[in-house]
Amino acid sequence: MSFKKCSWYSLLLCSIGSVMVVYYLLRWSWQCWHGFKVYVLSEIWQTNLRTYGQWLYGATSGIGRAYAEELAKRGLDIVLISRSEDKLRRVAKEIESRYKRQTYVIQTDFTEGHSIYSAITQQLEGLQIGILVSIMLSAFFCLQRITQVINCNTLSVTQVRLSVWLVFAVRGKGLIINISSEAASQPQPMLSVYSATKIFVTYFSRCVHAEYRSKGITVQCVAPFMVSTNMTHNVPVNPLVKSAASFARDALNTVGYTTYTGGCLTHALQVTPHTRSIEPQLRERMAETRNKQD
Ligand SMILES: NC(=O)c1ccc[n+]([C@@H]2O[C@H](COP(=O)([O-])OP(=O)(O)OC[C@H]3O[C@@H](n4cnc5c(N)ncnc54)[C@H](OP(=O)(O)O)[C@@H]3O)[C@@H](O)[C@H]2O)c1
């Protein structure tokens with residue numbers, strides 16, 4: 001009697017186990033196929049980004065500049081935005097002579113809040129903006145600068161979008177690329193304002209994409225790990241850390257394949273249980289230790 005019961009339960013458990021194994025195998029195969037498509041096939045069959053329109057926004061250094069250069073190489077004209085007029089003119093000149101594309105510069109400081117956006121909108125009038133790459137960054141902060149960090153990292157993403165929205169809506173086509181960060185995937189003690197503003201960028205991008213994709217507007221959110229730029233003190237490139245140029249090239253290949261990406265294969269592979277579970281715990285422990293020392 002007990003033997004029969006036992007085998008009945010065993011059969012049930014075996015069936016549940018088999019279903020779970022098949023489920024996870026299918027899920028894993030699907031993820032591998034998706035990864036292959038986004039990071040390998042996309043290099044061979046690149047989306048023609050010129051179909052979005054002629055001009056692009058970018059910045060004067062790091063990831064933003066690398067996007068601008070890569071898109072100039074692919075035949076787009078460029079609008080550069082950042083704080084330093086000298087740097088803007090120098091970078092614009094370099095892009096014009098290297099890639100023979102037109103450039104246009106807008107000097108502004110995104111930490112200044114609402115007041116700057118009407119001037120930006122005016123300066124963009126008449127330009128056929130087809131792609132917007134929002135990369136603005138304010139990462140390092142003291143208490144007095146919290147509003148500036150929030151203005152730079154979140155207000156800029158929402159307000160600059162409004163400046164080009166009308167153009168996109170009229171044309172029924174447009175691409176917005178918002179740079180978030182893998183630091184947004186988990187709460188990051190010691191980087192609290194930065195990680196909170198970056199998860200804002202991620203959620204905002206994903207919501208707006210869902211709201212507007214039927215109108216022909218694509219919003220892609222890119223969440224990198226480490227890229228060698230001024231922000232990361234130009235840390236040497238290695239198998240885990242990408243150069244800005246190679247990151248921008250890989251990330252642009254993923255346009256048309258996915259609307260949320262780590263940007264490149266090596267960064268996608270770093271989204272593992274390690275970063276999802278161990279790293280945040282380490283950061284929490286570090287924050288506790290630092291608080292005890294203060
Ligand atoms: N590098 C990484 O490892 C990494 C990882 C994850 C996410 N990200 C994200 O990637 C984005 C770009 O970072 P990055 O590493 O390329 O940094 P970066 O090399 O320091 O470049 C930042 C760019 O933004 C401009 N900028 C900074 N503050 C500004 C302001 N207040 N108003 C207008 N322009 C401003 C800078 O030009 P001026 O100084 O001339 O104004 C510069 O062109 C950021 O959103 C960052 O959070 C980077």
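The model is predicted, so local features need pLDDT of at least 70 and side-chain atom pairs count only at pLDDT 80 or more, while totals for chains, interfaces and linings use all residues. Residues are numbered from 1 along each chain as its sequence is written, and side-chain values use heavy atoms, with hydrogens and water left out.

**Exercise 1.** Find which residues come nearest to the ligand, and list polar contacts (pairs of N or O atoms within 3.5 Å).

Solution. 
1. Around the ligand there are 30 residues, each with a heavy atom within 4 Å of it. Ile63, Tyr194, Lys198, Val227 and Thr229 come nearest.
2. A side-chain N or O atom of Asp109 is 2.8 Å from a ligand nitrogen.
3. A backbone N or O atom of Phe110 is 2.9 Å from a ligand nitrogen.
4. For Ser82, a side-chain N or O atom is 3.2 Å from a ligand oxygen.
5. The protein buries 94% of the 890 Å² that the ligand exposes when taken alone (Shrake-Rupley method, 1.4 Å probe).

**Exercise 2.** Determine how strand β4 (residues 129-134) is covered, and which strands pair with β4.

Solution. 
1. Six of the six residues in β4 are buried, that is, under 20% relative accessible area with a 1.4 Å probe, protein chains only.
2. Pairing requires at least two DSSP bridges between two strands. Strand β1 (residues 55-58) pairs with β4 in the parallel sense over two bridges; Leu56 has Ile131 of β4 as its bridge partner.
3. Strand β5 (residues 174-179) pairs with β4 in the parallel sense over four bridges. Here Leu132 has Ile176 of β5 as its bridge partner.

Conventions. A polar contact is a pair of N or O atoms within 3.5 Å; within protein, one must be able to donate a hydrogen and the other to accept it, and residues adjacent in sequence count only if both atoms are side-chain atoms. Buried means under 20% relative accessible area, exposed over 50%, partly exposed in between (1.4 Å probe, protein chains only).
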